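Hi,

Here is the structure I promised to pass on to you. Have a look at it first, and then read my notes below.

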Amino acid sequence: MEILIPVIIIALVVAFIVGLYNRLVTLRQRVREAWSDIDVQLKRRHDLIPNLVETVKGYAAHERGVFENVTKARAAAVAAGQTGTPQERAVAENQLTAALRTVFAVAENYPQLQAVQEFKDLSENLTATEDKIAFARRFYNGNVRDYNTALQTVPTNIIAGTFGFTPEQYFELADATEREVPKVSFT
Amino acid sequence: MAAAQSRLNIYDAVAANRWRTIALIVMFTGILTALGYVVGEVFAPGGGVAMVPIALGLSGVSATASYFAGDKLVLAQSQAREPAPGEEPQLRNIVETLSIGLGIAPPKIYLIDDTAPNAFATGRDPKHASIAVTRGLLDKLDRTELEGVIAHELSHVVNRDIRVMLLVTVLVGTVALLSDWMLRSFAWGGGGRRGRDRGGGGMIVIVALALAILTPIVATLIQLAVSRQREYLADASGALLTRYPPGLASALRKIAADKEALEVANKATASLYFANPLKDAPRALDGLFDTHPPIAERIRRLEAM
């Protein structure tokens, strides 16, 4: 009988630790799933850009600098997508957004281009994709916040420290865009 | 901070709705069993016990059926159709974008070819969910207003409101059907033939009659009680999702101004809709029998955000 009480206490403590550990794993898993949502949309944007460049080129071939810029920015974003951390990707994507804006700014000078159905479809698709990136980012950051908060608060912080859970990075796109001055070059 | 608040509320709402689902099934099983027992006693004294397993079986079947196939039933009854591929790209984009913001798979989209502006969501969880919108909604609302309405409906999906609403709709229908059937069988003389020389018989008939009349009313009140507070919550979380409460408020204003009734809606499905589709709601017992909170109050709360 005397032996039973410590056994019960140990069992309860173990169950408590297992529960906390599993909660952290669930939260981290949510962060990763949310990240894959962002990833899908970023890739979709990368896929749309070559078509856009080709379409606009057909009407504004001499705006070469703009196309080079956006192509370079896209390549950098794709490269960051393969190896980069969320922060590095955010920087690259942010430059791509700025470059894309110059493409649309150029396109505004060509009324014939505005009337082409393919261009209309592309810009609707790109707008929708940017919306989706914005919403995916918000969902991801919400999950990161939940996870990081759990890492810092009692009692999960003890478990996190013991089992080596590390905080995840936010994906800060909007702030970066505001700070970044778009590099417009019409050479 | 506001976003953290809304996430918390969603998890709370999910937990509350899980309890509600269980409570509803237990309650309706109880009502059906009581009905079955009393009916059994009326037709053959001592036969009530025999009716209990039948009643239990019946409530089990109807709860299971509404859980797994109720959404298809409701969609079929509302004459909703799947849009052709490439039809309504804007609606599709809005649904996909907002679903990403909530981290769920986009629900299936259905169209109702009716000019009254309205919408509803149904299903049992976010993986098995559908959103139906009317042609009138697409024609009369602009993009931000449509986003507001879709965000409201998606909130019902994530909160698991759709499951509770679906169960209530189908179970209330079953209870109404049964008591209707009981009343009919009394009408052509269940008690009259053999009543007089049997002491307790008269009493049990009165109880049965009372039950047959009262249960549908009680069932309806339960249905209404679960449905109103939920609309405010869906408005609030929808507005939080789009970060633009005026969009939803303006959609509500347009829908309130529209006097057309939705022909494919009926009393059973009315509580599923974004706004009350039956424009002829009785004014006398307003507080008790409205399926939806007053639109003016919904707009006021959105504007206060």
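Let's start at Arg160(B), which sits in the loop between helix 5 (143-158) and helix 6 (161-187) of chain B. Helices here are DSSP runs of H or I with at least four residues, strands are runs of E with at least two, and both are numbered from the N terminus. Before going on, please note that this is a predicted model, where local features need pLDDT of at least 70 and side-chain atom pairs count only at pLDDT 80 or more, while totals for chains, interfaces and linings use all residues. Residues are numbered from 1 along each chain as its sequence is written, and chains are lettered from A and ligands numbered from 1 in the order in which they are written.

Back to Arg160(B): its phi is positive, near 65°, though the residue is not glycine. Arg160(B) counts as buried because it has 23 C-beta neighbours inside 10 Å. (Buried means 20 or more other C-beta atoms within 10 Å of a residue's own, exposed means 12 or fewer, and partly exposed is in between; C-beta atoms are placed from the backbone.)

Gln79(B), also not a glycine, has a positive phi of about 55°. You will find Gln79(B) in the loop between helix 2 (48-77) and strand 1 (80-81) of chain B. With 14 C-beta neighbours inside 10 Å, Gln79(B) is partly exposed.

In chain A, the peptide bond from Val154(A) to Pro155(A) is cis, with omega near 0°. Most residues other than glycine have a negative phi, and most peptide bonds are trans.

As for chain B as a whole, it has ten helices and four strands, and 43% of its 305 residues count as buried.

Happy exploring!
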